[in-house]
Amino acid sequence: MSAKILVEKNGPVTTIIINRPEVRNALDREATAALGEAVHAFEADATALVAVLYGAGGSFCSGADLKELANGVVYEAWAGADGPLSRPAAKPIIAAVSGHACAGGLGLALWCDLRVAERSASFAVLSRRWGVPMSDGTTVRLPRLVGMSRALDMLLTARIVPADEALTMGLANRVVEDGKARAEAEALAHAMCQFPPIAMASDRASAYHQEALSLAEALVAENEYASNAKAREAVHGAARFASGDGRHGKLK
């Protein structure tokens, strides 16, 4: 039997693959644990800068394995106090979405920093049909990302949101042709790896941290996050700019 979670590395980009296409990449307990281990390994790898999360066989992830749940297996939510989804990953992760990202699979896509969706991809809370509640952060991250009205429309009606609409509402960041999500997400990841890393990490951390703060507190925190990059990257970057790098939109 092949592994339920595969990991492939290409230089600074790590691609994590959910490999249960026979059940549209539903996550049983074994796959959930293995996915958490893969994320932790990516975070601990100093040579890995950006990750791509992808589902094998044309579907991103259909959420928890309901057949396992129906047999009485207790499903432990990822968004619990110490679960992998209880916090942003330590480094950027891009979801490459093909097919369905529904129920817990939607929660997994929301947890990622960016979502590259194929034109035929869709997002939905289909678990509404079966009385299975969201417990992977979906009810928290979805309204923060797309607004309360749109979030409630998805949460209460189980309607399927196609990729083009997801792009309009901010649920998807890019829409690409079918079969191209992984390649486009990996290309985006490699492009991100070319930026000076300290400033990108501090800006990302500040953006996530500000949600829990007042405006005044968030501005103070932003300055604190920026201090390391100012000391270690900004002067060198400004010198590159002053010498002509970036002129006419071109970078060396």
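This is a predicted model: local features need pLDDT of at least 70, side-chain atom pairs count only at pLDDT 80 or more; totals for chains, interfaces and linings use all residues.

Select Phe42 and Lys91: the charged end of Lys91 sits over the Phe42 ring, 4.8 Å from its centre.

You'll find Asp113 in the loop between α3 (104-111) and β6 (114-118). Is Asp113 buried or exposed? With a relative accessible area of 19%, Asp113 counts as buried, because the cut-off is under 20%. Now show its side-chain partners. Arg204 makes a polar contact of 2.8 Å with the Asp113 side chain, and the side chain of Tyr208 makes another at 2.7 Å.

Next, the greasy part. Nonpolar side chains tend to be buried together in soluble globular proteins. Here the largest nonpolar core has 44 residues, and Leu53, Phe60, Leu108, Phe123, Met154 and Leu171 are the ones with the most contacts inside it. Colour by element to see who contributes: among those supplying at least two residues each are β2 (13-18), α1 (29-44), β3 (50-55), α3 and α5 (148-157).

Zoom in on Met154. Its contacts, leaving out residues up to four places away in sequence, include Leu106, Phe123, Val125, Leu142, Arg159 and Leu171.

Last stop: select Ile17, Val52, Tyr54 and Ala96. They belong to another core, of 16 residues, lying apart from the largest one.

Terms used: Residues are numbered from 1 along each chain as its sequence is written. Side-chain values use heavy atoms; hydrogens and water are left out. A charge sits over a ring if NZ of Lys or CZ of Arg is within 6 Å of the ring centre and within 35 degrees of the ring normal. Helices (H or I, at least four residues) and strands (E, at least two) are DSSP runs, numbered from the N terminus. Buried means under 20% relative accessible area, exposed over 50%, partly exposed in between (1.4 Å probe, protein chains only). A polar contact is a pair of N or O atoms within 3.5 Å; within protein, one must be able to donate a hydrogen and the other to accept it, and residues adjacent in sequence count only if both atoms are side-chain atoms. A nonpolar core is a set of buried Ala, Val, Leu, Ile, Met, Phe, Trp, Tyr and Cys residues joined through side-chain atoms within 4.5 Å. Contact means heavy atoms within 4.5 Å.
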